[in-house]
Amino acid sequence: MSYLALAGLFLAPSVALAVLATWKRRLGRSWWKATTMTIGILVALTLVFDNLMIAADLFRYDAARLSGWRIGLAPIEDLAWPVAAGLLLPAVAALARRESER
């Protein structure tokens, strides 16, 4: 299995849950703006620290399983994880809130 396919297995449910939370809790622009800003920060931090860790040779990837696209030394597949977390955690929090807490 490629790293991109593995990332998709985690990213797809996160996107689906964010869409469900938006529909069920009627999340507005402010929720999406905060979520997008959070994802942007997580992606930026991931890029910085992935590049540093790869440059320090702390870990390696099987090149045959990578898509080939990179930002610096970091493969593009690594960006799926902060996007998934940035969508999943706020969506779960929104769905877990009681109606009276909104």
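The model is predicted: local features need pLDDT of at least 70, side-chain atom pairs count only at pLDDT 80 or more, and totals for chains, interfaces and linings use all residues. Residues are numbered from 1 along each chain as its sequence is written, and side-chain values use heavy atoms, with hydrogens and water left out.

An unreviewed UniProt entry places the feature "domain: Lycopene cyclase" at residues 9-92. UniProt positions follow the numbering used here, feature names are shortened, and annotations may be inferred rather than shown by experiment. Over residues 9-92 the chain is 68% helix and 5% strand. The end C-alpha atoms of that stretch are 18 Å apart. Helices (H or I, at least four residues) and strands (E, at least two) are DSSP runs, numbered from the N terminus.

Helix α2 has 27 residues. From first C-alpha to last, α2 reaches 38 Å, close to the 39 Å expected at 1.5 Å a residue. That expected span is 1.5 Å times one less than the number of residues. Aspartate 57 follows α2 and has a positive phi, near 60 degrees.

The buried residues of α2 are Trp31, Thr35, Ile39, Val43, Thr46, Leu47, Asp50, Asn51 and Ile54. Buried means under 20% relative accessible area, exposed over 50%, and partly exposed in between (1.4 Å probe, protein chains only). Their cover includes α1, β1, β2 and α3.

**Nonpolar core**

A nonpolar core is a set of buried Ala, Val, Leu, Ile, Met, Phe, Trp, Tyr and Cys residues joined through side-chain atoms within 4.5 Å. The largest one has 13 residues. Those with the most contacts inside it are Ala18, Ala21, Leu27, Trp31, Val43, Leu47 and Ala94. Helices α1 (3-25), α2 (29-55) and α3 (80-96) each supply at least two residues of this core. The most come from α2, with five residues.

Contact means heavy atoms within 4.5 Å. Leaving aside neighbours within four places in sequence, alanine 94 is in contact with Ala21, Arg25, Leu27 and Trp31.

**Aromatic pairs**

Rings of Phe, Tyr and Trp (its six-membered ring) pair if their centres lie within 6.5 Å; planes under 30 degrees apart count as stacked, over 60 as edge-to-face and the rest as tilted. By this rule there are four aromatic pairs. Two of them are tabulated here.

| Pair | Centre to centre | Plane angle | Class |
|---|---|---|---|
| Tyrosine 3 and tyrosine 61 | 5.5 Å | 85 degrees | edge-to-face |
| Phenylalanine 10 and tryptophan 81 | 5.2 Å | 65 degrees | edge-to-face |

Tyrosine 3 lies in helix α1 and tyrosine 61 in the loop between α2 and β1 (70-71), so their pair ties together parts 58 residues apart in sequence. Phenylalanine 10 lies in helix α1 and tryptophan 81 in helix α3, so this pair ties together parts 71 residues apart in sequence.

Tyrosine 3 is partly exposed at 25% relative accessibility, and tyrosine 61 is partly exposed at 24%. Phenylalanine 10 is partly exposed at 46%, as is tryptophan 81 at 35%. Ring pairs also link Tyr3, Phe59 and Tyr61 into a cluster.

**Alanine 74**

Alanine 74 is found in strand β2 (residues 74-75). Alanine 74 is buried, with a relative accessible area of 1%. Beyond its neighbours within four places in sequence, alanine 74 is in contact with Leu47, Asp50, Asn51, Ile54 and Trp69. Its C-alpha atom is separated by 8.9 Å from that of threonine 46, 28 residues apart along the chain.
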